[in-house]
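Let's explore a protein model together, one question at a time. Keep the structure open beside you as you read.

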Amino acid sequence: MAALVTLEGIEGCGKSTQAGLLAAHLEDRGLETVLTCEPGGTRVTAEIRRLLADPASELDPRAELLLFLADRAQHVTEVIRPALERGAVVICDRYSDSTIAYQCHGRGHERALVDELNAWAAGQLVPDLTLWIDCEIGIGLERARVHSGGPGDRFEAEPTAFHQRVRDGFAGCCKDDPERVRRIDGNRDQASVTASVLATVDEF
């Protein structure tokens with residue numbers, strides 16, 4: 001059963017951990033599973049991830065958006081679409097909803113433009129299921145600080161107001177497409193979040 005399942009959320013929400021646990025769960029069920037991420041899901045785009053994360057990168061907001069889109073175009077072509085075509089389940093840590101949340105709500109880019117560019121960069125490929133790991137801003141940022149052991153990357157260093165706009169952006173994606181985007185309460189302990197993630201995917 002080929003499917004693209006994406007995990008989304010603010011910094012420190014736990015989606016990367018949950019993506020790995022979900023991939024292991026599906027593999028245990030005998031499904032070919034590809035675990036990947038954005039940005040940086042290919043050898044070519046690893047450098048894009050470094051630029052986007054580096055606090056010293058003084059990126060124009062338009063350049064930042066275009067780097068994310070370039071990453072997606074390469075990622076879909078090289079990793080995601082070939083895996084789907086051979087019948088695999090692809091688990092992707094961040095995808096197009098992050099572009100909407102961070103670039104439209106966070107940076108202020110026009111939604112219609114980003115929607116058009118998102119579709120173009122992804123070759124019209126839309127996730128079959130999106131798990132939004134939602135958590136409070138303070139909880140997420142504290143987890144991110146503990147995980148990084150320092151000031152964090154460019155996005156973790158953004159002010160609280162930016163992260164609130166991003167969270168609102170994910171809430172908007174969920175409201176606009178509730179059949180695809182499922183909210184998971186990420187404020188709970190890891191085991192409880194995992195149980196909800198697996199139950200949602202198994203039902204799907």
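This is a predicted model: local features need pLDDT of at least 70, side-chain atom pairs count only at pLDDT 80 or more; totals for chains, interfaces and linings use all residues.

Q: Is Arg 94 buried or exposed?
A: Buried means under 20% relative accessible area, exposed over 50%, and partly exposed in between (1.4 Å probe, protein chains only). Arg 94 also has a positive phi of about 80 degrees, although it is not a glycine. Because its relative accessibility is 11%, Arg 94 counts as buried.

Q: Is Gln 124 buried or exposed?
A: Gln 124 sits in the loop between α5 and β4 (129–134). Its phi is positive too, near 70 degrees, in a residue other than glycine. With a relative accessible area of 59%, Gln 124 is exposed.

Q: What is the volume of the largest pocket?
A: Rolling a probe the size of a water molecule over the atoms shows where empty space is left. On a 1 Å grid over the protein atoms alone, a pocket is an open set of points where a 1.4 Å probe fits, with protein on both sides within 12 Å along at least five of seven lines; lining residues have an atom within 4 Å of a point. Grid points are joined across faces, edges and corners, and a volume is the space filled by probe spheres set on the points. For the largest pocket that gives about 910 Å³.

Q: Which residues are closest to the centre of the largest pocket?
A: The lining has 37 residues, and elements that give two or more of them include α1 (15–28), α3 (61–85) and α8 (190–203). The residues closest to the centre are Glu 11, Gly 12, Lys 15, Ser 16 and Arg 94.

Q: Which helix gives the most to the lining of the second largest pocket?
A: This pocket has a volume of about 260 Å³. Among the 17 residues that line it, the closest to its centre are Ser 96, Ile 100, Asn 118, Val 126 and Arg 180. At least two lining residues each come from α4, α5 (111–121) and α7 (160–176). With four residues, the one that gives the most is α5.

Q: Which residues have the most contacts inside the largest nonpolar core?
A: In soluble globular proteins, nonpolar side chains tend to be buried together. A nonpolar core is a set of buried Ala, Val, Leu, Ile, Met, Phe, Trp, Tyr and Cys residues joined through side-chain atoms within 4.5 Å. The largest one here has 34 residues, and those with the most contacts inside it are Leu 22, Ile 91 and Leu 131.

Q: Which residues does Leu 198 touch, not counting residues up to four places away in sequence?
A: Leu 198 belongs to helix α8 and is buried, with a relative accessible area of 18%. Counting contact as heavy atoms within 4.5 Å, Leu 198 touches Leu 22 and His 25.

Q: How many disulfides does the structure hold?
A: A disulfide is a pair of cysteine sulfur atoms within 2.5 Å. The sulfur of Cys 37 is 7.0 Å from the closest cysteine sulfur, in Cys 92, so this pair is too far for a bond. The sulfur of Cys 135 is 5.7 Å from its closest, in Cys 13, again too far for a bond. The number of disulfides is zero.

Q: Which residues does a cis peptide bond join?
A: Look in the loop between β2 (33–37) and α2, where Pro 39 lies. The cis bond has an omega of about -10 degrees, and the residues it joins are Glu 38 and Pro 39.

Methods. Residues are numbered from 1 along each chain as its sequence is written. Side-chain values use heavy atoms; hydrogens and water are left out.
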